[in-house]
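Please open the structure in a viewer and keep the selection tool at hand.

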Amino acid sequence: MNLIWGWHLGFGIENVTKRGGVQVISLINSFQKMNRIGRVGAFIGLAASVSGIILWAILNIFKEVLPITFVGLGLPAILGLIASIYGVIWLMYVVFIYSLPLSLYLAMTPSAFRFFLLVLLGYLASAILLTLDRRARDKDKLN
């Protein structure tokens with residue numbers, strides 16, 4: 001097993017294992033570094049992103065407005081999924097701010113799509129919990 005250094009989604013240098021010519025990035029290390037607050041934040045981010053993708057797919061089945069809603073709701077859900085898997089806090093805040101206007105608009109409609117507000121709150125809760133986790137780990141490193 002050869003260890004090499006590689007860029008990990010452009011967010012920093014990570015250890016990458018090379019097995020049979022295929023690079024395998026271990027996501028387990030990022031979850032092992034988190035404490036309980038960070039794991040809950042990552043789980044909330046995953047749940048919010050998956051439910052955002054499901055709601056976006058249902059919206060496209062009924063309304064057929066694929067390009068507009070993909071940019072406003074589908075893309076942030078996919079980025080939120082990536083941010084919660086890798087624990088990228090700033091990306092989760094960007095996802096929250098980016099999906100805020102369209103989610104608030106859909107929350108005011110009298111339909112099942114008002115659940116996008118819960119997805120939006122999930123993004124915010126995940127970002128806050130991941131921030132608290134990062135601060136707690138930084139505080140532990142100083143002590």
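The model shown is predicted. Begin at the surface by selecting Leu66, Phe70, Val71, Leu75, Ile78, Leu79, Ile82, Trp90, Val94 and Tyr98, which together form a nonpolar patch with about 830 Å² of accessible area. Two elements, helix 3 (66–86) and helix 4 (89–107), each contribute at least two residues to this patch. The largest share, 7 residues, belongs to helix 3.

Ile82 counts as partly exposed because its relative accessibility is 31%, a value between the limits of 20% and 50%.

Is Ser84 buried or exposed? Its relative accessible area is 0%, so Ser84 is buried. Display the side chain of Ser84 and follow it to the backbone nitrogen of Leu46, which it reaches at 3.5 Å.

Now select helix 2, residues 36–63. At the N-terminal end, Asn35 caps helix 2: one of its side-chain oxygens lies 3.2 Å from the backbone nitrogen of Ile37. Just after helix 2, Glu64 adopts a positive phi of about 55 degrees. Colour the buried residues of helix 2, among them Gly38, Gly41, Gly45, Gly52, Trp56 and Asn60.

From Gly41 and Gly45, proceed to Ser126, which is in contact with both, as well as with Ile44 and Met92, when neighbours within four places in sequence are left aside. Ser126 is located in helix 5 (residues 116–142). With a relative accessible area of 0%, Ser126 is buried.

Remain in helix 5 for the last stop and select Arg137 and Asp133. What joins their side chains? The side chains meet in a salt bridge, with a distance of 3.1 Å from N to O. The count of salt bridges in this model comes to 1. Side chains of opposite charge can pair when their charged atoms come close. Because Arg137 and Asp133 are 4 residues apart in helix 5, about one helical turn separates them. An α-helix has 3.6 residues a turn, so residues three or four places apart point the same way. Compare the accessibility of the two partners: Arg137 is partly exposed at 22% relative accessibility, whereas Asp133 is buried at 0%.

Definitions and conventions. Residues are numbered from 1 along each chain as its sequence is written. This is a predicted model: local features need pLDDT of at least 70, side-chain atom pairs count only at pLDDT 80 or more; totals for chains, interfaces and linings use all residues. Side-chain values use heavy atoms; hydrogens and water are left out. Buried means under 20% relative accessible area, exposed over 50%, partly exposed in between (1.4 Å probe, protein chains only). Contact means heavy atoms within 4.5 Å. Patches are made of residues with over 30% relative accessible area and no salt bridge: like charges are joined within 9 Å, nonpolar side chains (Val, Leu, Ile, Met, Phe, Trp, Tyr) within 5 Å. Accessible areas come from the Shrake-Rupley method with a 1.4 Å probe; for residues, only the protein chains shown count as cover. A salt bridge is a side-chain nitrogen of Lys or Arg within 4 Å of a carboxyl oxygen of Asp or Glu. A polar contact is a pair of N or O atoms within 3.5 Å; within protein, one must be able to donate a hydrogen and the other to accept it, and residues adjacent in sequence count only if both atoms are side-chain atoms. The expected span of a helix is 1.5 Å times one less than its number of residues.
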